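The following paragraphs lead through the structure shown here, with attention to ring contacts, backbone angles, nonpolar cores and strand pairing.

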Amino acid sequence: MSSVDKIKWAMSLRDPQYEALKCFDNISSKIEYKTASKSEAEKAASENCQEPHKIVVDKEFDFPSFCFDMTTGIGKTRLMGACIYYLYKTKGYKHFFILCPGNTIYDKMRRETVPGHPKYMFKGLEAEMGRPKVYDGENYLSYPVRYVQNELQIEKTSEIQLFIFNISKIFTRGDLEFKFHKFNENLGGSFADVLRSFDDLVFCMDEAHRYYAPASKTAINYLNPVLGLEFTATPKSTNKNIIFHYGLEEGAGKFLKIPVVMGRTNTAGYSEDDIEEMKLKDGIKLHERRKAIVYKYCIDNGLEQVKPIVLVACKDTTHAKK
């Protein structure tokens, strides 16, 4: 049984997650990211992605970075966990930087790296990989490293190490509360220097479309990763590095409930903003009604509770923020 199949059965991956991992395996089995050039990685990805086409990584990245474009609700975080374990098992990589766009996702990701959490990102692999060491904005100063005669000496480890940070924490702006790039006597240098010293650092970017501003790309590139893995449901139109796509139209009725269509006839005389507010309130009202029915059904039949969610379709990020 292949490594990908073993991971599938251990983690009970859904079909789209399994297909995405197979796609990543098709590329990664042809190349060693530590030694390959960016152009060599692009060539391997172009020939072995989901539907072979020219893969082009952002010019401001000095490393290969591949994007998984998967609709919300399919399980991108679990796919991330599968990719991390795959690289650990097949290539021996141990250092993974998980980048989050804001405090909400940062806190969520920290919780989901704890075994026992219902959405543990490595669920099913506990016996295989043990418990990864996790370092984040709260405990990174405890990382076991020291400088001897101006030379960085890092404790060797056989375990996966995860570094979870918010994008705003890694800029070189002299942040008073979080001196990511500043000398620290506990480390004998900066934490950025520690990360740059790894020859197998892999960047996993959750909500990857949020990091395509020039300052974000510069901050990521500075840490010298050997590989980037991007996970998003809304890639930029400029993304030419998508190796796997699974859209809402494919997931509806299989892993996502088919959307319900509601309509109103009494919208004459209302502004566009008023109509949008009506749409949101109507959708939430239907959602709350159905949520109560689902909750009662689970209680009456002794079933595990599900967590209903609402997806709001927007024209672009400006519309979404509004």
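Lys8 lies over the face of Trp9, at 4.9 Å from the ring centre. A charge sits over a ring if NZ of Lys or CZ of Arg is within 6 Å of the ring centre and within 35 degrees of the ring normal. The charged end of Lys8 also sits over the ring of Tyr18, 4.4 Å from its centre.

These values come from a predicted model, in which local features need pLDDT of at least 70 and side-chain atom pairs count only at pLDDT 80 or more, while totals for chains, interfaces and linings use all residues. Residues are numbered from 1 along each chain as its sequence is written, and side-chain values use heavy atoms, with hydrogens and water left out.

Two backbone angles deserve attention. Most residues other than glycine have a negative phi. Ser12, however, has a positive phi, near 55°, and is placed in the loop between α1 (3-11) and α2 (15-28). Helices (H or I, at least four residues) and strands (E, at least two) are DSSP runs, numbered from the N terminus. Ser12 counts as exposed, at 59% relative accessibility; buried means under 20% relative accessible area, exposed over 50%, and partly exposed in between (1.4 Å probe, protein chains only). Asn224 likewise has a positive phi, near 60°, and lies in the loop between α8 (214-222) and β8 (227-232). At 43% relative accessibility, Asn224 is partly exposed.

The nonpolar interior comes next. In soluble globular proteins, nonpolar side chains tend to be buried together. A nonpolar core is a set of buried Ala, Val, Leu, Ile, Met, Phe, Trp, Tyr and Cys residues joined through side-chain atoms within 4.5 Å. The largest such core has 54 residues, of which Phe68 and Ile243 touch the most other members. Helix α4 (residues 76-91) supplies the largest share of this core, eight residues. Leaving aside neighbours within four places in sequence, Phe68 is in contact (heavy atoms within 4.5 Å) with residues including Ala20, Phe24, Leu79, Leu229 and Ile243. A second, separate core of 28 residues includes Val57, Tyr135, Phe180 and Phe198.

Rings of Phe, Tyr and Trp (its six-membered ring) pair if their centres lie within 6.5 Å; planes under 30 degrees apart count as stacked, over 60 as edge-to-face and the rest as tilted. By this rule there are 20 aromatic pairs. Tyr143 and Phe163 form a tilted pair, because their planes stand at 55° with the ring centres 5.8 Å apart. Tyr143 lies in the loop between β3 (133-136) and β4 (145-148) and Phe163 in strand β6 (residues 161-166), so this pair ties together parts that are 20 residues apart in sequence. Tyr143 is buried at 3% relative accessible area, and Phe163 is buried at 0%. Both belong to one aromatic cluster, which also includes Phe97, Tyr135 and Phe203.

Phe97 leads on to strand β2. Six of the six residues of β2 (residues 95-100) are buried, so the strand is largely enclosed by the rest of the structure. In a regular strand the side chains alternate between the two faces of the sheet. In β2, His95, Phe97 and Leu99 are on one side and Phe96, Ile98 and Cys100 on the other, and both faces are covered. Strands pair if DSSP finds at least two bridges between them. β2 runs parallel to β6, joined by six bridges, with Phe96 opposite Leu162. β2 also pairs in the parallel sense with β7 (residues 202-206), over four bridges, and there Leu99 stands opposite Met205.
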